[in-house]
Amino acid sequence: MLKATISAAVLIASGSVASAQLRIIEVLPGYHRGWATHASADGSVLALELYNDHLVSHDGYVWSDGSWQGLPRYGITNLNYGLSSDGTASLNFGRIHSNRVLSHTRNGVHTSIFVPEGEWTSAALTRDGSSVFYHTPDTLDPIRQRIVRWDENGPGADFGFLPQAYASVTGVHASSRRDMVVLDVALPNSGDAMAERRTVVYENGAYTEIGTLPTDAPVRMNTMGVSADGSVIVGWQESGPLSNTELTSWMYRDGHLNAIEADGYTGLRVQSLSDDAGVMLVQALDAGDDFRSLLLYDDGRTVDLMDLFLATGYALSDTQEVGFTTLSGDGLTVVGSIVDWPSGGPVSQVIFTMAVPTPGVLAPLAGLGLLARRRR
């Protein structure tokens, strides 16, 4: 295990405010940038991808309390596809030449699931980390897509076959259930970047297409996440040409598809979802067309994450920018990164976790954050 350099930012100094802690995680030597792709339920374990600018290479890691666990490497492209709720199991994808490899890791033990040839492969890990859903061309009929469920304590088995109404699988998404998987699929005869895509739910041996939000333009559906019990699916819908795409985030619950909206904001794009679907991390534009990262709660409340970040007391330089990437399963930890773009110098990046205060102290935090922003 390698040890990272870790520092904690100043905690908020307010008698009515509980500590909202910011933890800074430096990337490992040999890498220039890094970002979190997944977080455990309590936010204490992160799945990270570190990037080397010179080699143009990605490597996957799992970080926990200052210790780094390297995931299998296959060539220069190694991506994180999942992390279990307790942080003990992860799923990563590697690409070397024409081979693609999925690797399941549990407590440092790596298992190669399969080595297909050809197209990029999407896959997802169940919340307990025991099962992996993925797709692969059928060995007898390569045009036909197999949906496979691999189990940690047993071999992989066909879970289903993609109906002929769809051309290919473009995304795979899992919940805590082993009897259900959510797929993004492309429609036939549209194999370019403008391909129409749909989202389907496969359970009990049947596929259900969730539909699209009303529009007259071709639609590309993209799933972002699924609640732990599988009852809520969220994502965004792209419609129209790439040069003028309209993007609308959606939620599918109890058989109904609805747009996700927040008062005072437009252009919402969901990035992450808590396990109970009670809070989402979203990007949006405010009334002045300024970009914001928000927490959006199921009761309609929004919290500006930059306000929370500045309220921690962390001093940003003029060349640094903050981004927020994922949310812990309990919705109480936000993970992001700070990128430094110095003039004439190399770009660098650090990762951070930020505790989200309890609802009772969100209002004073927002006020402190606005004050901090004005002082910069």
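This is a predicted model: local features need pLDDT of at least 70, side-chain atom pairs count only at pLDDT 80 or more; totals for chains, interfaces and linings use all residues.
Residues are numbered from 1 along each chain as its sequence is written, and side-chain values use heavy atoms, with hydrogens and water left out.

Of the 376 residues in the chain, 52% are buried (under 20% relative accessible area, with exposed meaning over 50% and partly exposed in between; 1.4 Å probe, protein chains only). Secondary structure amounts to two helices and 30 strands, taken as DSSP runs numbered from the N terminus (helices H or I, at least four residues; strands E, at least two). Looking at contacts (heavy atoms within 4.5 Å) between residues at least 6 apart in sequence, 40% link residues at least 24 apart.

Next comes the largest pocket, with a volume of about 1,200 Å³. A pocket here is an open set of points on a 1 Å grid over the protein atoms alone where a 1.4 Å probe fits, with protein on both sides within 12 Å along at least five of seven lines; lining residues have an atom within 4 Å of a point. Grid points are joined across faces, edges and corners, and the volume is the space filled by probe spheres set on the points. The lining takes in 42 residues, with T37, H38, H173, M224 and Q271 nearest the centre. Strands giving at least two lining residues each include β4 (33-39), β16 (168-173), β20 (219-226) and β24 (266-273). By type, the lining splits into 17 nonpolar, 21 polar and four charged residues (Ala, Val, Leu, Ile, Met, Phe, Trp, Tyr, Cys and Pro are nonpolar; Asp, Glu, Lys and Arg charged; the others, Gly among them, polar).

Two non-glycine residues with positive phi sit in loops. V56, at about 55°, lies between β5 (45-52) and β6 (57-64) and is partly exposed because its relative accessibility is 46%. A277, at about 65°, lies between β24 and β25 (279-285) and counts as buried, at 3% relative accessibility.

As for Q237, this residue belongs to strand β21 (residues 232-239) and is buried, with a relative accessible area of 3%. The Q237 side chain comes to 2.7 Å from the backbone nitrogen of L213. Leaving aside residues up to four places away in sequence, Q237 touches residues including T212, V219, E246 and W250.

Methods. A polar contact is a pair of N or O atoms within 3.5 Å; within protein, one must be able to donate a hydrogen and the other to accept it, and residues adjacent in sequence count only if both atoms are side-chain atoms.
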